[in-house]
Amino acid sequence: MTASELEYATPDTQRTPVVKLYLGIGLLVFAGLMLVGALMRAAQGATTISIGPEVFYQLMTLHGAGMVGTAGLAALAVNWYFLSKYVRLNQKIFLGTLVLSLVAVVMIVGSILIGKFAAGWTFLYPLPATSLGLWSKGAALTFVGGLLLLGVAFLLVYLDMGIAIVRRYGSIARALGLPMLFGREPIDPTHPPAVVASAMVLIVNVAGIAAGAIVLIMTILHLIYPPLAPDALLMKNLIYFFGHVFINATIYSAVIAVYEILPLYARRPWTVSRPFLAAWLAVTLMVLAVYPHHLLMDFAMPSWMAIMGQILSYTSGIPVLVVTAFSGLMLVYRSGIRWDAASSLLVLSLFGWAVGIVPAVIDGMINVNLVMHNTLWVPGHFHFYLLLGLLPMVLGFASYLSANGQQGRTGRVGAMVYAVGATLLCLSFLVSGALSVPRRFAVHEESWQWLGDVGALSGGIVLVGTLMIAVPILLKLPRARLASISESG
Amino acid sequence: MPAERWRQWPLALTLAFCVAGLIPVTARLFEASMQAHLLVQMPLLAFCGGYWVSRSERLQAWLERADPSGGVALVLGSGWLIYWMLPLNLDLATFDPSVRLLKVLTVPVLLGATLTWSWRQLGPVGRGVMLMEGWAILVRLGWIYLISPVQLCSNYLIGDQQRTGSLLLGLALISAALAAIWGVFGPFRKTDRCQPE
């Protein structure tokens with residue numbers, strides 16, 4: 001690191017402690033929610049487990065909201081940790097975000113387990129207000145309030161990140177590399193990919209949170225005063241804009257772990273190039289505009305939006321994915337890389353990200369969507385994307401930082417068990433979708449139940465693999481010297 | 001000294017708007033439509049209070065002692081903003097002289113001055129949250145005025161209410177576009193820090 005880089009970087013003593021908290025809490029919650037997921041799949045199978053539709057939908061809401069929130073926090077930890085190498089971030093704000101998020105989690109979990117709220121994590125208007133007596137207005141208000149608090153928590157840390165980026169790079173556009181992309185400045189090979197990715201995440205997530213701040217308050221107002229009825233389609237658009245952007249941003253945050261850690265293994269630098277910058281600019285714009293592909297079933301949507309959703313589904317994500325996957329493979333090829341838990345998980349994440357997009361592209365076609373949208377094909381896509389894309393990035397990051405990736409045989413076997421279990425789980429969803437098994441059904445037809453059993457079994461394997469990787473990390477985490485990453489490569 | 005004379009303007013401006021808000025002829029001009037009331041008079045009154053705080057060194061010195069962090073001012077200002085966002089209070093101010101007096105006297109002080117002081121004292125993150133929340137309030141309020149099934153004020157008809165809603169949404173749209181340009185390409189000044197390392 002040069003002297004000027006050190007001047008801007010966050011001091012090492014401030015970088016590590018809160019990241020440990022994020023990772024520790026994140027890994028524990030991930031494992032717990034995996035158990036909930038396996039239980040749901042078992043309830044859809046032929047096993048004797050019967051939880052009843054009411055509990056099923058509560059668990060579905062808990063699993064969805066919990067996984068999205070935890071994915072957001074874990075990806076934020078990756079993003080914050082690596083961005084803090086280049087800009088001076090405020091550790092107190094980062095901690096404040098965690099504390100506010102935990103309060104939000106208590107509100108969300110309380111509304112589900114005590115208040116029996118079960119409208120799904122998408123809180124699709126007007127469902128929270130039309131519970132047919134299954135949950136109270138207070139439970140719905142607490143759930144929506146929890147999501148609002150989570151949004152505020154993320155906004156705080158994003159503002160801090162944005163200000164720190166502007167202080168060092170002059171503007172978000174410069175951090176995104178636009179002057180280099182458009183030839184106004186020469187390509188600077190030392191410009192960190194982590195900063196480019198952070199700038200993209202900032203732009204899209206602040207826009208998403210702004211939409212969330214509106215739609216959540218409108219939902220609250222409708223709950224308090226039902227005659228105030230906003231347009232349902234506009235509300236759905238805002239909800240999906242918020243939700244789509246938020247969950248997409250998790251993978252664009254977490255991929256920073258690949259950019260930062262894989263080069264240390266391969267002993268080759270990951271430098272920015274014009275295609276790399278162009279890909280990140282393209283994905284910044286497309287992530288904001290692609291969300292109508294969630295609303296292809298809504299006949300009242302303007303046709304141009306549905307067509308835009310379909311076309312952008314083909315292209316959104318692919319530029320960055322191609323650039324990242326291709327560069328990643330080139331980086332690894334004949335590099336004499338050391339295969340341990342961390343490096344295996346990071347390369348696995350590229351596979352998961354690449355393959356996980358394919359079902360989404362297929363489902364993003366209007367005619368296919370009319371048949372596939374309400375089947376388990378869609379959970380197949382997002383489980384592939386998150387379970388084999390995002391989570392290995394987070395686990396690889398945690399493994400590298402806590403144990404330098406050297407988790408021995410247990411870590412390597414754990415990564416393998418995880419990969420096999422997760423692939424099997426995703427295939428069980430995708431095959432179910434291909435066989436037209438509907439999603440969000442608490443109880444399945446007898447002929448579908450074997451797929452539920454396969455799903456539950458593979459969910460159990462994923463949980464075992466996760467624990468094999470995560471438990472040693474959790475044991476080492478309190479004493480781990482996370483900041484050693486820069487020297488250990 | 002001309003400069004000294006300029007220093008007295010904020011106070012004079014505030015007093016002028018307050019008096020104008022109380023004299024029936026001029027008050028009627030501001031209160032004739034919901035748009036003028038909510039989008040012209042209220043911001044003008046708040047602006048006067050804010051301008052006063054930013055110019056008066058004596059007031060700043062007092063506030064520095066009374067509320068150094070700006071936290072109390074933020075709570076007071078936000079609370080008073082919510083109070084005046086309720087259509088009932090806006091409505092009352094058009095025909096109840098005591099509520100009109102309350103508005104004219106307190107909006108500059110308890111809304112404009114307090115929010116300006118807290119803005120000055122907050123860090124950049126706090127300011128960002130204030131801006132974002134302010135923008136979200138514009139959208140929510142505009143949306144509510146636009147879709148409300150009932151006439152919210154007895155003195156302003158539902159058409160007036162819906163026009164106000166549309167204007168608030170338009171304002172939010174323009175400010176979002178400007179904020180996006182400023183947020184991505186700003187702060188539009190060359191510093192030594194924005195040179196490549």
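## Basis of the description

Residues are numbered from 1 along each chain as its sequence is written, and chains are lettered from A and ligands numbered from 1 in the order in which they are written. Because the model is predicted, local features need pLDDT of at least 70 and side-chain atom pairs count only at pLDDT 80 or more, while totals for chains, interfaces and linings use all residues.

## Overall form of chain A

Chain A contains 19 helices and 0 strands; helices (H or I, at least four residues) and strands (E, at least two) are DSSP runs, numbered from the N terminus. The radius of gyration of chain A is 22 Å, close to the 23 Å that the globule rule gives for 489 residues, so the chain is as compact as a globular protein of that length. That radius is taken over C-alpha atoms, and the globule rule is 2.2 Å times the number of residues to the power 0.38. Along the principal axes, the C-alpha atoms of chain A fill a box of roughly 65 × 50 × 40 Å.

Of the 489 residues of chain A, 58% are buried. A residue is buried if 20 or more other C-beta atoms lie within 10 Å of its own, exposed if 12 or fewer, and partly exposed in between, with C-beta atoms placed from the backbone. Considering contacts in chain A between residues at least 6 apart in sequence, 84% join residues at least 24 apart; two residues are in contact if their C-beta atoms, placed from the backbone, lie within 7 Å.

## Confidence in chain A

The mean pLDDT of chain A is 91, and 96% of its residues reach 70 or more; pLDDT is the predictor's confidence in each residue, from 0 to 100. Within chain A, helix α4 (residues 91-113) has the highest confidence, at a mean of 96, and helix α19 (residues 485-488) has the lowest, at 44. Residues 483-489 of chain A have pLDDT below 50, and this stretch has 7 contacts in the model beyond near neighbours in sequence.

## Helices and buried residues of chain A

Helix α14 (residues 341-363) of chain A has 23 residues, which should span 33 Å at 1.5 Å a residue; its end C-alpha atoms are 33 Å apart, in agreement. The expected span of a helix is 1.5 Å times one less than its number of residues. α14(A) is mostly covered, with 18 of its 23 residues buried.

A:Val195 lies in helix α8 (residues 193-224) of chain A and counts as buried because it has 23 C-beta neighbours inside 10 Å. Leaving aside neighbours within four places in sequence, A:Val195 is in contact with A:Leu83, A:Tyr86, A:Ile165, A:Tyr169 and A:Ala175. A:Leu281, in helix α11 (residues 274-289) of chain A, is buried with 21 C-beta neighbours inside 10 Å. Residues up to four places away in sequence not counted, A:Leu281 touches A:Leu176, A:Leu178 and A:Leu181. Its C-alpha atom is separated by 7.5 Å from that of A:Met200, 81 residues apart along the chain.

## Backbone exceptions in chain A

Most residues other than glycine have a negative phi, and most peptide bonds are trans. In the loop between α4 and α5 of chain A, A:Phe123 has a positive phi of about 35 degrees; A:Phe123 is buried, with 21 other C-beta atoms within 10 Å. A:Pro126 is placed in the loop between α4 and α5 (137-169) of chain A, and the peptide bond from A:Tyr125 to A:Pro126 is cis, with omega near 0 degrees.

A:Ser436, in the loop between α17 (408-434) and α18 (449-476) of chain A, has a positive phi near 65 degrees. A:Ser436 is partly exposed, with 13 other C-beta atoms within 10 Å.

The unreviewed UniProt entry annotates residues 37-54, 66-86, 98-117, 129-147 and 167-185 of chain B as "transmembrane region"; UniProt positions are given in the numbering used here, feature names are shortened, and annotations may be inferred rather than shown by experiment. Residues 66-86 of chain B are 76% helix and 0% strand, with end C-alpha atoms 29 Å apart. Residues 167-185 of chain B are 100% helix and 0% strand, with end C-alpha atoms 27 Å apart. Helix α4 (residues 34-55) of chain B has 22 residues and reaches 31 Å from first to last C-alpha, close to the expected 32 Å. Its buried residues include B:Met34, B:His37, B:Leu38 and B:Trp52.

The contact takes 23 residues from chain B and 31 residues from chain A. On the side of chain B that touches chain A, α9 (124-147) and α10 (158-185) of chain B are the elements giving two or more residues, and α9(B) provides the largest share, 11 residues. This side divides into 15 nonpolar, 5 polar and 3 charged residues. Ala, Val, Leu, Ile, Met, Phe, Trp, Tyr, Cys and Pro count as nonpolar, Asp, Glu, Lys and Arg as charged, and the others, Gly among them, as polar.
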